[in-house]
Amino acid sequence: MASLCNALLLVVGVIMVMSSCMAGVANGSNFYQDFDLTWGGKRAKIFGGGQLLSLSLDRISGAGFQSKKEYLFGRIDMQLKLVAGNSAGTVTAYYLSSQGATHDEIDFEFLGNVSGEPYILHTNIFAGGKGEREQQFYLWFDPTKNFHTYSIIWNPRHIVFLVDNTPIRVFRNAESMGVPFPKKQAMRIYSSLWNADEWATRGGVVKTDWSKAPFTAYYRNFNAQTCSGSCNSRFSGGEWQREELDAYSRRRLRWVQKNFMIYNYCTDYKRFPHGFPPECRHR
Ligand SMILES: *[C@@H]1O[C@H](CO)[C@@H](O)[C@H](O)[C@H]1NC(C)=O
């Protein structure tokens, strides 16, 4: 009997510890608290008691928001449901950026398409004001049907882009080869929905169909795990602080790169006839 009681106590204890850990991770998804709507007037809105945010684009304007806080390293998750139907010509940008001419930036951009044709997920990284490190992907699902989680892991060793927890891109710190790496400037989170039909869909061939406006993208479940003061505390030994991907994540990354990557600056011979940037030698 005593041992049964002890076992039960242990189970209760484990559940309590688990729920307190999860609370530590799951709080903070309140758009009123974490973000400012910055442009587009009523085209940007927060609703559902702070749980949901939407951006719309019409003939007159797009819209955008930004985080109240700045972040220097961490794991940032956001769920997005992209413009449905004929979204050709629209771009939903979701990115981290610092300020100024020598800014750093980590970009997700979702390039819309006509109904039934695939979105392109465009990624880029700026360090010290210089970008030109594009990689593009198709997704393995329709990003307009449901919310999916888009994440950035950013620590001094690497930047990892993830989609539903599957890494799609890793940018390693190659400072030892003279490649600047974002690590000194804190960044804010930004998102905007805008018209880019000069270039976005099939390189600008397909134009925005304004008869389908307004176009709307939705956001929920923002979560940021960072180091602000708590990285040494017992339950915050964040996964994101790891310096390498584990074997399973590396396999998933290879799967995405093999099957869904449609552009990689590191293999674009036309663009770099005199040799690829040094960080490309990594692969
Ligand atoms: C749109 O669909 C066309 C045809 O399937 C495809 O070539 C293109 O990559 C898709 N995406 C964008 C954003 O152009």
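Me: When does a charge sit over a ring, and which lysine does so at tyrosine 218?
Reply: A charge sits over a ring if NZ of Lys or CZ of Arg is within 6 Å of the ring centre and within 35 degrees of the ring normal. This is a predicted model, in which local features need pLDDT of at least 70, side-chain atom pairs count only at pLDDT 80 or more, and totals for chains, interfaces and linings use all residues. Residues are numbered from 1 along each chain as its sequence is written, and side-chain values use heavy atoms, with hydrogens and water left out. At 5.8 Å from the centre of the tyrosine 218 ring, the charged end placed over that ring belongs to lysine 81.

Me: How many aromatic pairs does the structure hold?
Reply: Rings of Phe, Tyr and Trp (its six-membered ring) pair if their centres lie within 6.5 Å; planes under 30 degrees apart count as stacked, over 60 as edge-to-face and the rest as tilted. The number of aromatic pairs in the structure is 21.

Me: Which kind of pair do tryptophan 140 and phenylalanine 260 form?
Reply: The centres of the two rings are 5.6 Å apart. Their planes stand at 55 degrees, so the pair is tilted.

Me: Is phenylalanine 260 buried or exposed?
Reply: Buried means under 20% relative accessible area, exposed over 50%, and partly exposed in between (1.4 Å probe, protein chains only). Tryptophan 140, at 26%, is partly exposed. Phenylalanine 260 has 16% relative accessibility and therefore counts as buried.
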